[in-house]
Amino acid sequence: MDCHHPYCPMRPSPGTWLDVIDLPTMRVRPSDKGPLLALLNSNFSKKPSNPPKHLGVPTPNQGLLKRLLAHCPCLHNQIDVGATARAMVHFCELTLGCRIDATNVHDAFLIQHPGKGPAFDPAPLAPGGDGGTIMEFLCSEVLRSVGIPPMKLDGQNWPIWQMPGHVLLNEGKMNALRAFGDILIPCAPTNLVISVKSEAARERLLYSSNAIEGIGFGFFKEPEEFWTESRMALYKRMRFSVIYMPEETHNAVISHVRRAKTERHAVNINGTELYRPLNMFGEDMKRVIGRSSMKL
């Protein structure tokens with residue numbers, strides 16, 4: 001996640017609050033600029049701490065405060081305002097000490113999952129964010145790590161199409177299409193739509209790919225949801241090309257399929273692996289975006 005906080009631990013060197021205030025997307029009125037800059041320089045001249053500490057509210061203007069927090073998610077460690085899903089993903093990065101990619105996205109998932117992984121370090125003062133949206137942003141960060149960033153929105157909240165890039169179907173006008181999936185990858189002959197899930201697939205994953213070419217992405221922990229002949233047939237019938245899962249789950253699924261001698265069912269319409277570990281996701285998407293899904 002992008003963070004413009006001058007003292008964000010992910011920065012190679014400190015910045016200035018003036019740089020933040022001068023960002024066009026901050027939309028700071030001239031009358032607010034001086035007081036805001038003075039307060040930020042006075043109270044927020046340090047990096048996030050562990051434990052977190054409330055340093056005050058830099059502006060009474062709620063719209064301006066919301067934009068400030070969106071541009072500087074590290075501030076959720078220093079201001080007692082519920083963290084957004086984007087901010088929660090950023091604190092996963094801070095705890096990992098690096099950007100999220102296909103090799104560590106499962107570790108990031110465990111960090112934000114209560115009682116699953118190591119505690120946030122540093123942590124947000126008030127954890128928050130919808131769980132499903134956090135999962136989508138984790139997937140989005142993997143795509144960003146291989147050069148497929150999320151498309152920005154224009155003044156009417158439609159995505160500004162750029163290639164390579166992906167569309168978040170939970171944002172702007174595209175939210176009306178969210179029933180089809182969570183992330184869209186431009187591709188031929190039809191776009192790929194990624195359905196992001198947490199630890200269980202159930203029927204929610206199965207039916208999310210109806211009438212489109214689907215990709216499953218999740219932190220699935222129940223291999224038995226995937227290894228029966230009937231379930232593999234259903235996933236292909238519902239037009240899934242690939243389903244990505246944690247390496248441990250993937251190993252369990254493939255081991256069972258081999259013992260049962262049903263490997264011929266664990267292939268997609270292209271004759272390649274239907275199930276793959278999460279660490280393959282980024283490079284697979286990089287290979288097909290703007291090209292052909294038949295390369296999957």
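Me: Is aspartate 284 buried or exposed, and at what relative accessibility?

Reply: Happy to start there, keeping in mind that this is a predicted model. The general idea is to look at the relative accessible area, where a residue under 20% counts as buried. Aspartate 284 comes out at 3%, so this residue counts as buried.

Me: Which residue forms a salt bridge with aspartate 284?

Reply: For a salt bridge, look for a side-chain nitrogen of Lys or Arg within 4 Å of a carboxyl oxygen of Asp or Glu. Here the partner is arginine 287, with the closest N and O atoms 3.1 Å apart. Both residues belong to helix H10 (residues 281-288), and they sit three residues apart, about one turn of the helix. Arginine 287 has 33% relative accessibility and therefore counts as partly exposed.

Me: How many salt bridges does the structure have?

Reply: The count comes to 10. One of them joins arginine 29 and aspartate 32, whose closest N and O atoms are 3.0 Å apart. Arginine 29 is partly exposed at 48% relative accessibility, whereas aspartate 32 is buried, with a relative accessible area of 18%.

Me: Where in the chain do arginine 144 and aspartate 2 lie?

Reply: Start with the pair itself: their side chains meet in a salt bridge at 3.4 Å, N to O. This pair links distant parts of the chain, since arginine 144 is in helix H6 (residues 131-145) and aspartate 2 is in the segment before H1, 142 residues apart. Arginine 144 counts as partly exposed at 24%, and aspartate 2 is also partly exposed, at 45%.

Me: Which residues of H9 are buried, and where do they fall around the axis?

Reply: The buried ones are Thr249, His250, Val253, Ile254 and Val257. Seen down the axis of H9, they fall within an arc of 125 degrees, so they line one face of the helix. That buried set packs against helix H8 (229-237), strand S5 (240-245) and strand S6 (275-277). On the other side of H9, Glu248, Arg258 and Arg259 are exposed. Just after the helix, lysine 261 takes a positive phi of about 55 degrees.

Me: How many disulfides does the structure hold?

Reply: Here you would look for two cysteine sulfur atoms within 2.5 Å of each other. The structure holds zero disulfides. For cysteine 98, the nearest cysteine sulfur is that of cysteine 92, 11 Å away. For cysteine 139, the nearest cysteine sulfur is again that of cysteine 92, 14 Å away. Cysteine 139 counts as buried at 0% relative accessibility, while cysteine 98 is partly exposed at 33%.

Technical notes:
Residues are numbered from 1 along each chain as its sequence is written. This is a predicted model: local features need pLDDT of at least 70, side-chain atom pairs count only at pLDDT 80 or more; totals for chains, interfaces and linings use all residues. Side-chain values use heavy atoms; hydrogens and water are left out. Buried means under 20% relative accessible area, exposed over 50%, partly exposed in between (1.4 Å probe, protein chains only). Helices (H or I, at least four residues) and strands (E, at least two) are DSSP runs, numbered from the N terminus. The arc is that of the directions from the helix axis to the C-beta atoms. Contact means heavy atoms within 4.5 Å.
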